[in-house]
Amino acid sequence: MENRKKVIRNGKVVFPDQILEISLLIADGKIAAILEKDAAWERDWEVIDASGKIVMPGMIDTHNHMSDPGPFRFREDWYHGSCSAASGGITTICDMPLPSEPATVNPDSLRLKKQTAEAQSVVDFALWGGLIPSSIPDMKKMHDLGCIGFKGFMCFATEDYPRISDGYLADGMREAASFQGLIALHAENAEAADLGCRHYSKMHCEDEARFDDARPWWTEYDAIQRSLLFAKMTGTRIEICHTTICQGMELLKDAKKKGISVYVETCPHYLIFDHDILRDKKSFAKCTPPFRSRDNVEKLWDYIKDGTVDVIGSDHGPFTDEEKLQQHDFWKEYCGFGCNDVVMAAMISEGVHKRGLSWTRLAELTSANAAKMLGLFPRKGNLMPGADADIIFIDPDMRWTYDGSKSFSKTKSVNGPYQGMELRGRVTDTFLRGEHIYGNGELLGKAGLGKYIKARG
Ligand SMILES: [Zn+2]
């Protein structure tokens with residue numbers, strides 16, 4: 001019964017500045033009203049009991065890499081990747097322009113990705129366009145099709161996805177500024193980072209933890225600094241993706257104070273793991289920018305708490321186990337891993353429980369800020385009347401151990417950094433526009449339920 005109203009009762013509902021014990025009325029996929037805790041309900045309403053649960057807006061994952069469409073669908077496709085997302089409390093996936101083929105760098109490839117995802121995704125999705133030298137003339141058209149922004153790599157990416165060198169970066173920024181678009185950057189100095197890795201490979205260095213020295217903190221710092229200057233001079237809005245270094249956080253905090261329109265993303269793995277994990281998990285935990293020191297990891301939490309960090313992205317981008325070992329040289333293996341089903345739980349366990357992060361700040365980091373940055377607010381990112389009823393229930397004290405073999409993701413690797421991690425707190429239920437798509441460990445949503453969410457739509 002699609003149109004039946006639903007009422008969520010007895011939960012602790014997270015709003016921007018407070019947690020309230022109220023009831024949420026859902027009608028036609030939207031939050032219809034906020035009701036008193038004990039408000040009477042009508043006989044034909046479906047009553048959903050959230051006793052003992054934290055009720056939050058679904059996560060908007062700002063950073064995701066489905067390899068679909070294209071030849072790399074064996075790594076992750078829209079169906080499996082979105083099921084994995086739903087099980088982890090993500091209700092909107094923001095998908096990066098690569099490594100799908102074609103990469104999302106012009107209107108046709110944007111339409112193709114939209115169609116592919118519409119047919120398969122269990123959760124809603126929004127799309128990043130690509131910022132590569134040849135995509136600049138098409139940026140406005142992609143913007144008009146609702147893409148949320150443009151992702152460029154200041155470091156080397158893949159052969160098919162050229163990095164954005166400084167001249168083109170300035171050009172792309174000017175173009176984005178002309179329509180108030182958003183430029184998202186992977187910020188590492190290309191040549192210094194690349195030559196560092198080659199050097200360690202040539203030395204046959206056997207200490208994987210030194211990946212942090214091969215692409216040292218200052219290569220990231222240099223790129224952040226440069227992008228801030230360029231943003232200031234071109235007047236564009238930028239997002240620094242997956243920021244890993246405290247020195248960079250200081251720069252960003254200062255830039256925000258000075259009025260530069262910069263948003264800051266980091267990923268839960270940079271808040272949890274340090275470079276030593278690479279000795280244990282080898283290339284299965286390899287990602288860029290690299291894991292840093294334990295001291296840096298702990299200090300990053302200060303920037304989570306003080307508001308410097310705006311959004312949390314998973315950077316979900318799985319490879320098969322075979323692919324992760326195919327070069328027989330750690331320094332040359334692929335970077336990235338799957339994790340979208342564990343990022344929310346990881347933030348609860350490591351943030352809320354271990355470091356006193358508030359539920360309201362967590363909701364801001366995982367949902368509201370992303371919606372605002374990407375032009376999806378107020379439809380997404382909050383639980384006020386009129387918003388889409390994208391809701392998750394969290395059992396705040398459930399203890400569990402992450403096991404990749406039980407993931408809904410396609411590769412189900414048991415070698416990733418989160419494997420075997422003991423967590424406290426877990427997403428138990430996920431609702432997409434009022435539909436119960438995940439509950440009791442089971443996937444309830446169907447392929448094709450997810451809709452394309454146009455930015456500024
Ligand atoms: Zn990424």
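In the predicted model, three strands form an open sheet in the order β8-β9-β10, with parallel pairing; strands here are DSSP runs of E of at least two residues, helices are runs of H or I of at least four residues, and both are numbered from the N terminus. Two strands are taken to pair if DSSP finds at least two bridges between them. The edges of the sheet are formed by β8 (59–64) and β10 (124–127), each of which pairs on one side only. On average, and with direction ignored, neighbouring strands of this sheet are turned by 25° against each other. Axes are lines fitted to C-alpha atoms, for helices over the stretch in contact, and angles between N-to-C directions run from 0 to 180 degrees. Strand β9 (residues 90–95) is joined to β8 by four bridges, and the two run parallel. Asn64 stands opposite Asp95 in β9. Helix α13 (residues 359–374) lies across β8, β9 and β10 and runs at about 60° to β8.

Residues are numbered from 1 along each chain as its sequence is written. Because the model is predicted, local features need pLDDT of at least 70 and side-chain atom pairs count only at pLDDT 80 or more, whereas totals for chains, interfaces and linings use all residues.

Two helix pairs were examined. Two packed helices are described by the angle between their axes and the distance between the axes. Helix α12 (residues 343–355) packs with α13 at an angle of about 145°, the axes being 11 Å apart. The crossing in which α12 passes α13 is right-handed; a crossing has this hand if the near helix is turned clockwise from the far one by less than a right angle, and is left-handed if the turn is anticlockwise. On the α12 side the contact involves Met344, Met347, Gly351 and Val352, which meet Trp359, Leu362 and Thr366 in α13; residues are in contact if their C-beta atoms, placed from the backbone, lie within 7 Å. By class, this contact has five nonpolar, two polar and no charged residues. Ala, Val, Leu, Ile, Met, Phe, Trp, Tyr, Cys and Pro count as nonpolar, Asp, Glu, Lys and Arg as charged, and the others, Gly among them, as polar.

Helix α4 (residues 166–178) and helix α7 (residues 217–234) pack at an angle of about 45°, and their axes are 9 Å apart. The two helices are therefore oblique to each other, given that angles under 35 degrees count as roughly parallel, over 145 as roughly antiparallel, 65 to 115 as roughly perpendicular and the rest as oblique. A right-handed crossing takes α4 past α7. Leu169, Ala170, Met173, Arg174 and Ala177 in α4 meet Phe230, Ala231 and Thr234 in α7. This contact of α4 with α7 comprises six nonpolar residues, one polar residue and one charged residue.

The protein chain is divided into domain 1 (6–55 + 387–400 + 424–443) and domain 2 (58–374), with bounds that come from an automatic or database domain assignment. The C-alpha centres of the two domains lie 30 Å apart. Their contact takes 20 residues from domain 1 and 22 residues from domain 2. On the side of domain 1 that touches domain 2, β17 (391–401), β18 (422–432) and β19 (435–439) each supply at least two residues. Strand β18 gives the most to this side, with six residues. The residues on this side of domain 1 divide into 13 nonpolar, three polar and four charged.

Strands β17 and β18 run antiparallel and are joined by eight bridges, with Thr401 standing opposite Glu422 in β18. The pairing of β18 with β19 is likewise antiparallel, over four bridges, and Leu432 has Glu435 in β19 as its bridge partner. The hairpin of β18 and β19 has two residues between the strands, and within this hairpin Arg433 takes a positive phi near 45°.

Further backbone features are found in loops. A cis peptide bond, with omega about 0°, joins Glu101 and Pro102; Pro102 is found in the loop between β9 and α2 (107–120). The peptide bond from Thr288 to Pro289 is also cis, with omega near -10°, and Pro289 lies in the loop between α10 (277–281) and α11 (294–305). His204 has a positive phi of about 55° although it is not a glycine. This histidine, His204, is located in the loop between α5 (190–202) and α6 (211–214).

Notes. Two residues are in contact if their C-beta atoms, placed from the backbone, lie within 7 Å.
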